[in-house]
Amino acid sequence: MRCLGALLLAGASLALAGCGALTSTGRTPTAQLPAGAALLPARTRRLTNWELERSLAAFTGQKVSIAQELPPDVRQEGYTPNAAQDVSTAWASRYSALVQELSVRAAAQLPGGAKCRNLGPECRAQRVTQLGWAAFRRPLETDEEQSLLALVNDAASSGESFEGAMSELLQALFESPSFIYVSELGEPSPTAKVRRLNSYEIASELSFMLTGGPPDFELSDVASMNSLQDPAARVQQAWRLLGLSGTRYQFRRFALQWLEVDRLLDTAKSSQLFPAYDALKPFMLAETESYVDEVLVNRGASVQALLAGGFASVGPEMARFYGLKTYGPRASLTGSGRLGVLQQASFLAAHAHEDVTSPVKRGDFVMRKLLCEKVKRPAEIGLEVVMPPPSATLSNRARLSQHIADPGCASCHSTLDAIGFTFESFDASGTTQTRDHGHAIDTHAEVRLGQQAAEVHRLASSEALTRALLEGPQIDKVSECFARHAFRYFSAQADARIEDSFIALRAELDESERDNLFQVLVAYVASDLFVLREDKGT
Amino acid sequence: MSGALSRRHFLAALGVSGAFLARETRGLAEAAPAPSAAPRRFIGVYTPHGRAHELWQPRADFDIAYPSSVLAPLDDAARFGHSFREQLLVLDGIDLSAGIEVGTTGHDGSRVILTGSGADGKNASLDQFLAVEQGLGEGTPHTSLVLGVGSDSTEVGMNLSFARGGTPLPKWIDPARTFAELFGSPLGARQEELEHARRAGKSVLDRVRSDLSRLAKRAPSSERTKLEQHATALRDIEKRLTRAPRSCASPAPPPTFERLKAYGGGEPYFDAITDLQIDLMARAMSCDLTRFATLYLADLTRSKLFAELPEDVHQEVAHRYDGRDNVHRGNPESWNKLAIQNRYSYGKLARLLQRLHEAGTFDSTLVHVSSDMGDPARHSSRHVPTLLVAGPDFRLKTGRYLDLRHGKNQQEGVPNNRLLVSIANLFGAPIARFGESKNTGLLAGKLDALG
């Protein structure tokens, strides 16, 4: 495989030397799956647009920007990695046109050498083997080699040059299901309902899960030696990948999708009320990205640190927006009323209307993403939503009082709105507000952290809410909920039973490790849950 | 394809009993002459934000041209070259019932319009059912066309067309992309260039198809729908590679727009984009590049097209609609504002019909128009404004208003599933039910099943 690197890559590789501060514990987690635990299904997962972009960039060594050119990914529970992605005609047609162009560029940079000048048989066979292996992330089967060789032969006999034939070969590779899908099939068996992934599938799964890109040379080499069936080898590779600087982009994507701010740039606010919003959106997103990086690498990769880091990673624009005295990667938030991601402008703006705050959206996020409680939508319980009319005199909080006055609405809104009211000191764009239609902002609320929760927390602000979420029995619930969402993203599935299996593994970790996202994912990698798949029928 | 249904058969499939027939507003003469041999075409159109019912409902003698009528563009020969009133069916009382049942309503309601299923439904939308599953789109280079304006989002409530398995089909929202996909190979291209592209493309496609077959053999049956979707995509691409050269002239390439999306500064361009998409769709139909299409329209928010509308049409107009009912007078000012949005949408429909008429494809085309909500202030997916515009080939008795509302205060309606069943039968698919619901009675073709 090392010679493939020399053949293919003219320069950059995605796998840059790491500079992160992640360190392995040096031991292999031994958490066991409980008997009868639900497994992921044997499946083929179409790579997301971003994963395909990274795969093409890694393969060609070129700058590739196709993710935004393709029809958007389908989301499952808000996450793009999932097994529902498919290949529609519109997607396939666009993808084909994009990779055709890339194939021509990449073919022009492939080293030829004397034996390829006339596209001789030895050249053809060698290129098919090497390029096929790199593209499919595994050695080719005999019939695959023959089929690809036939394609190259056909091109040659049609008068194509070396570059022209290689361009066709690359296009065929890039459009092949073996490139577009990640295989998690293992070997089918007529008798067993459980399949074990082969070494190459494990390498792909590990790499796409942790980096969003294909296996690098070292991981491919380990796969070729069939070492990845050994949990210790998987764990070693997992820590190595987590230490690569490019890996942060994958974890950023998870955090931003979890926070539901990844499409912030596609939002708008009233141009009359928030004229600066469009210009500030990129800075808001950049702040959250930097903050997430800092928390994951240097602050224990925990939901606690995400929610209550106590610092901001801001440049001068956002520092001014927040009214901070200083800016930088760890600017102090003392006295600002902000604590972590829930008080960042990206979150507050994404969970608001165009012209006014939304206590309901903010409260609903806390319920779904921090407490893992799904609040039924009005339509699901037969209620029709009538928006309260605008008012020139009432505060937003007063406008929403109908939610509590109506018993049908109160069953959910008494919880949702109370949580959301604690955020009312931040307006729809995320900046601080002290008055609303002439009324002093009131962020006091009696909050139940869950629809069935007995305890009532008397909270004065969203800072107090955040601290309440991270104290006492709540922290276990919040921490487990965060882990569930992480598993949804990183395993690209949304089945509660399979999540239960993951949570069971997590529960076996030491308390100090349970809240560290990396430790938990490595424990997953070491387990049978990572390498076994349930066969749901052939 | 089967012959056209009789009027009574069509209405029976809708579940309309004799009592309802009495409540239709009669307009014009009996059905048109014998159908042509042209293949039948289907277009689905989404209009945003429900309707101002008071100004959507036709008046006596099927008058849709009264001064504040939102349907007036469909009877405006001066502006659109032809009145489409005679081919229009206004259906009042269509409910997106399968969605209401599971909470897929309000802004998620478009999910139900052509599928008859809620958010977790796995069946294809009607256009895809006809084009792909019934094979009616097989004979054209593009099995179907899925267009939109302003948003290519895959969210539940932002799409009309869904593949089998339940995933939304991507919409082309850039007219330049639509043009490139439909008319990309210029007629003047050199023959050897076309041959080269065809050979290389076919070679790649054969290899990809072979890989897909290999994968399908190893994959469990749970993966079948996804891989079949991929195979369908490959067949569609192959059709375009191997088809005979196009015989009709392509239109002029459209301009490119620096912004295309809502919330991203695209709104000022939406009007022009909508017109281009409509024109390209109609041209695609007339060139027989496709026979099945959907179009998801955008609203007027931030477009600044009408000074009398506030910037945020969604919050400030649709949510402020105050409709009239048996006990409540409503607010006429709110009707008039929503009516501006409605009339604008139907103006775009009229443009589409005009283009079809000019191209000679109108007679064999059925256009289904609906919205995600009836009363947008209540986020209600009951009584969604539904229109059918059917060319004479379908032999429907059109030029009428059908009031399907019933029950106390006329709050009950007819599930849209019945309408989808009826349309499928018009295209020769003899199905008795369409959509997904735990309440199977809701899906079936007769109103009696509802009880």
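This is a predicted model: local features need pLDDT of at least 70, side-chain atom pairs count only at pLDDT 80 or more; totals for chains, interfaces and linings use all residues.
Q: How much area do chain B and chain A bury between them?
A: About 5200 Å², with 48% of it on carbon and sulfur atoms. The size of an interface is often given as the accessible area lost when the parts come together.

Q: Why is the E144(A) and R214(B) pair called a salt bridge?
A: The cut-off is a Lys or Arg side-chain nitrogen within 4 Å of an Asp or Glu carboxyl oxygen. Here the N to O distance is 3.8 Å, so the pair makes it. The count between chain B and chain A is nine salt bridges.

Q: What makes S110(B) count as buried?
A: Buried means under 20% relative accessible area, and S110(B) sits at 0%, so it qualifies. S110(B) is part of helix 6 (residues 110–113) of chain B.

Q: How do you know that the side chain of S110(B) has a polar atom within 3.5 Å of the backbone oxygen of G157(B)?
A: The two atoms lie 3.0 Å apart, and the cut-off for a polar contact is 3.5 Å. Beyond its sequence neighbours within four places, S110(B) also has contacts that include Y46(B), Y296(B) and D372(B).

Methods
Residues are numbered from 1 along each chain as its sequence is written. Chains are lettered from A and ligands numbered from 1 in the order in which they are written. Side-chain values use heavy atoms; hydrogens and water are left out. Buried area is the accessible area (1.4 Å probe) that two parts lose on being put together, summed over both. Helices (H or I, at least four residues) and strands (E, at least two) are DSSP runs, numbered from the N terminus. Buried means under 20% relative accessible area, exposed over 50%, partly exposed in between (1.4 Å probe, protein chains only). A polar contact is a pair of N or O atoms within 3.5 Å; within protein, one must be able to donate a hydrogen and the other to accept it, and residues adjacent in sequence count only if both atoms are side-chain atoms. Contact means heavy atoms within 4.5 Å.
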